[in-house]
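Hi,

Here's the structure I said I'd pass on.

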Amino acid sequence: MRILVTGGAGFLGSHLCERLLNDGHEVVAIDNLFTGRKLNIAHLLKHPNFEFVRHDVIDPFKFEVDQIYNLACPASPPHYQYNPIKTIKTSVMGAINCLGLAKRTRARVFQASTSEVYGDPQVHPQPETYWGHVSASPSARGPGCSRPPRRRSMVTRRSTRSRRAIGAT
Ligand SMILES: NC(=O)c1ccc[n+]([C@@H]2O[C@H](COP(=O)([O-])OP(=O)(O)OC[C@H]3O[C@@H](n4cnc5c(N)ncnc54)[C@H](O)[C@@H]3O)[C@@H](O)[C@H]2O)c1
């Protein structure tokens with residue numbers, strides 16, 4: 001199969017690329033190298049079935065693929081809080097662009113997320129049937145677009161309503 005890995009130069013993405021190549025697949029990795037490093041995939045760059053494209057998932061992309069693993073998002077708090085609006089765009093636009101590509105190519109999509117979607121969970125471990133314990137307030141934490149803009153964002157500080165809108169979406 002031909003497989004797209006977004007965030008392919010990151011911690012999980014680089015190992016996933018390696019695994020998929022070892023399993024005999026063709027792999028296209030895209031990454032803007034915000035937190036990822038080319039060094040992570042240096043050993044894969046000469047692999048005949050591997051292709052790396054420096055690209056931001058906020059911008060549309062077109063590849064003929066059978067599967068998409070969407071891992072492109074800074075994972076650690078200092079990184080995803082560094083530019084909260086960019087993080088939201090990465091999560092939302094990245095997912096939309098992956099889904100758009102999947103619709104066109106009929107590829108299956110894997111969307112990476114984090115246990116932060118459950119908020120402060122009341123159940124451990126969380127089964128798939130558990131909906132979480134999440135506050136809709138701006139201080140609620142979650143991955144992707146529910147990671148709230150924080151102090152650095154001038155736009156979102158001006159109005160509680162827009163913070164809510166962004167934080168809770
Ligand atoms: N590492 C973990 O233990 C863990 C656990 C659960 C979920 N996850 C999720 O898995 C995903 C990957 O985590 P990770 O630990 O590999 O993080 P990571 O920061 O090492 O990798 C993310 C990759 O995405 C790239 N990236 C960020 N923004 C991008 C953009 N706009 N366009 C293109 N590439 C972009 C980064 O450069 C990096 O290479 C994240 O969504 C994370 O929340 C990770």
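A residue counts as buried when its relative accessible area is under 20%. D56, at 16%, is therefore buried. One thing to keep in mind throughout is that this is a predicted model.

An N or O atom in its side chain sits 2.9 Å from a nitrogen atom of the ligand. D56 also forms a salt bridge with K86, with 2.5 Å between the closest N and O atoms. D56 is in the loop between strand 3 and strand 4, and K86 is in helix 3, so the pair ties together parts 30 residues apart in sequence. K86 itself is partly exposed, at 28%.

Now the ligand. It has 23 residues around it, and the closest are F11, L12, D31, T35 and S113. That shell splits into 12 nonpolar, 8 polar and 3 charged residues. F11 has a backbone N or O atom 2.9 Å from a ligand oxygen, and G36 has one at 2.9 Å from a ligand oxygen too. On its own the ligand would expose 810 Å², of which the protein buries 81%.

As for salt bridges, there are 5 in the structure. One of them joins E26 and R2 at 3.0 Å, linking strand 2 to strand 1 across 24 residues. R2 and E26 also belong to a salt-bridge network with E51. Another pairs E64 with R104 at 3.2 Å, and these two are 40 residues apart, with R104 in helix 3. E64 is exposed at 51%, while R104 is partly exposed at 42%.

Cheers

How values were computed:
Residues are numbered from 1 along each chain as its sequence is written. This is a predicted model: local features need pLDDT of at least 70, side-chain atom pairs count only at pLDDT 80 or more; totals for chains, interfaces and linings use all residues. Side-chain values use heavy atoms; hydrogens and water are left out. A residue is near a molecule or strand if one of its heavy atoms lies within 4 Å of it. A polar contact is a pair of N or O atoms within 3.5 Å; within protein, one must be able to donate a hydrogen and the other to accept it, and residues adjacent in sequence count only if both atoms are side-chain atoms. Accessible areas come from the Shrake-Rupley method with a 1.4 Å probe; for residues, only the protein chains shown count as cover. Ala, Val, Leu, Ile, Met, Phe, Trp, Tyr, Cys and Pro count as nonpolar, Asp, Glu, Lys and Arg as charged, and the others, Gly among them, as polar. A salt bridge is a side-chain nitrogen of Lys or Arg within 4 Å of a carboxyl oxygen of Asp or Glu. Helices (H or I, at least four residues) and strands (E, at least two) are DSSP runs, numbered from the N terminus. Buried means under 20% relative accessible area, exposed over 50%, partly exposed in between (1.4 Å probe, protein chains only).
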